[in-house]
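Biologist: I am new to reading structures. Could you take me through one, feature by feature?

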Amino acid sequence: MSEIKTKKSTLLNNDKISNKELCDRFQNLFTAAVNDVLREKGLLYQTLPPEISPLKDNMRICGIAFTVKGSKNLTLENEMEQRANMLEALHEDSICVWDTSGDDESAQWGEVMTMASVLRGCRGAVVDGGVRDTDKVLSQNFPVFCKYKTSNGMLGRFRLIDYQIPIQIKSVNIYPGDIIFGDIDGVIVIPKVMAYEVLLEAEQIKENEEEIKKMVLDGLSPKEVVKRGGYF
Ligand SMILES: O=C([O-])CC(=O)C(=O)O
Ligand SMILES: [Mg+2]
């Protein structure tokens with residue numbers, strides 16, 4: 001039976017592959033594997049709060065962070081123009097990530113915003129806030145991770161402050177260009193400077209776990225599994 005290997009890479013950026021391949025390959029992994037790689041590197045605060053969960057359990061999301069910052073605000077002037085500018089700036093393979101300053105009453109995402117962002121190649125939305133028109137977002141097969149559903153629109157309650165700036169959701173810092181990856185276990189943020197290196201190491205973890213599962217199925221005791229380099 002083979003021993004478990006660790007794979008260390010010295011590559012520091014993701015110039016080796018396209019953004020699309022990078023995101024597709026992360027999306028084929030699972031967030032727990034990526035989390036373990038980041039923990040080994042001492043990065044313990046890359047996981048978004050567990051209240052931010054997928055609209056459907058089987059939703060998976062991976063793309064390049066397009067950051068948006070906003071807060072509760074009752075003013076209306078130019079709100080729609082500002083939101084339209086943001087939507088037009090969305091790029092291929094982006095994920096629209098909302099730091100809402102902890103909002104708990106408005107939807108920062110909805111049906112028409114989904115339609116507009118899909119046309120710009122956006123791969124999903126992660127909102128530390130809410131979504132509305134949920135059935136119509138679901139029917140577009142667009143992955144959204146958020147805290148709640150509500151019929152409250154943003155207009156007159158909440159507004160965007162800026163976009164493509166550094167943001168913070170609880171203890172997680174997110175910079176434009178970071179990799180955002182979400183599955184049923186929640187959302188994790190991978191700093192862009194190490195994205196390719198993390199991908200390779202997480203792919204190795206996935207392979208290793210196949211070996212570990214074989215050991216368990218073959219009847220090895222947990223102690224025997226650990227002796228061979230396995231883990232749980
Ligand atoms: O204004 C909102 O909350 C978003 C919305 O309804 C939509 O995109 O359709
Ligand atoms: Mg709507």
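**Reading the shell, the helix and the strands**

Modeller: Start with the ligand. By class, five nonpolar, two polar and three charged residues make up the shell around ligand 1. Keep in mind that this is a predicted model.

Biologist: Which residues surround ligand 1?

Modeller: The shell holds Ala107, Gly110, Glu111, Val112 and Met113. Arg132, Asp133, Gly153, Met154 and Leu155 complete the list.

Biologist: Which element gives the largest share of that shell?

Modeller: Helix H4 does, with three residues.

Biologist: Where does aspartate 133 lie?

Modeller: In the loop between strand E6 (130-131) and helix H5.

Biologist: Why is aspartate 133 called partly exposed?

Modeller: Count the neighbours. A residue is buried if 20 or more other C-beta atoms lie within 10 Å of its own, and exposed if 12 or fewer do. Aspartate 133 has 19 within 10 Å, so it is partly exposed.

Biologist: What does aspartate 133 contact, leaving aside neighbours within four places in sequence?

Modeller: Gly110 and Glu111. Both also belong to the shell around ligand 1.

Biologist: Now the helix. Which residues of H4 are buried?

Modeller: H4 spans residues 111-119, and Met113, Thr114 and Ser117 are buried there. Look down the axis of H4: the buried residues fall within an arc of 100°, so they line one face of the helix.

Biologist: What sits on the face of H4 turned away from the buried side?

Modeller: The exposed residues Val112 and Leu119.

Biologist: And what covers the buried residues of H4?

Modeller: The cover includes two helices, H3 (79-89) and H5 (134-138). It also includes strands E3 (94-99) and E4 (107-109).

Biologist: What happens just after H4?

Modeller: Check the backbone there. Glycine 121 takes a positive phi of about 85°.

Biologist: On to strands. How should I read their two faces?

Modeller: In a regular strand, side chains alternate between the two faces of the sheet. So read each face separately. Take strand E5, residues 124-127. Gly124 and Val126 are on one side, with Ala125 and Val127 on the other, and all are buried.

Biologist: Which strands pair with E5?

Modeller: E3 runs parallel to E5, and four bridges join them. Isoleucine 95 has glycine 124 of E5 as its bridge partner. E7 (residues 144-146) also runs parallel to E5, with two bridges. There, valine 126 stands opposite phenylalanine 145.

Biologist: How many residues of strand E12 are buried?

Modeller: Five of its five residues, 179-183. Ile179, Phe181 and Asp183 are on one side, while Ile180 and Gly182 are on the other. Both faces of E12 are covered.

Biologist: In which sense does E12 pair with E2, parallel or antiparallel?

Modeller: Antiparallel, over four bridges, with E2 covering residues 61-72. One pair to find is isoleucine 64 and its bridge partner in E12, isoleucine 179.

Biologist: How many bridges join E12 to E13?

Modeller: Five, and the two strands run antiparallel. E13 covers residues 186-190. Phenylalanine 181 stands opposite isoleucine 188 in E13.

Biologist: What do E12 and E13 form?

Modeller: A hairpin, with two residues between the strands. Trace it in the viewer.

Technical notes. Residues are numbered from 1 along each chain as its sequence is written. Chains are lettered from A and ligands numbered from 1 in the order in which they are written. This is a predicted model: local features need pLDDT of at least 70, side-chain atom pairs count only at pLDDT 80 or more; totals for chains, interfaces and linings use all residues. The arc is that of the directions from the helix axis to the C-beta atoms. Two residues are in contact if their C-beta atoms, placed from the backbone, lie within 7 Å. Two strands pair if DSSP finds at least two bridges between them. A residue is near a molecule or strand if its C-beta atom, placed from the backbone, lies within 6 Å of it. Ala, Val, Leu, Ile, Met, Phe, Trp, Tyr, Cys and Pro count as nonpolar, Asp, Glu, Lys and Arg as charged, and the others, Gly among them, as polar.
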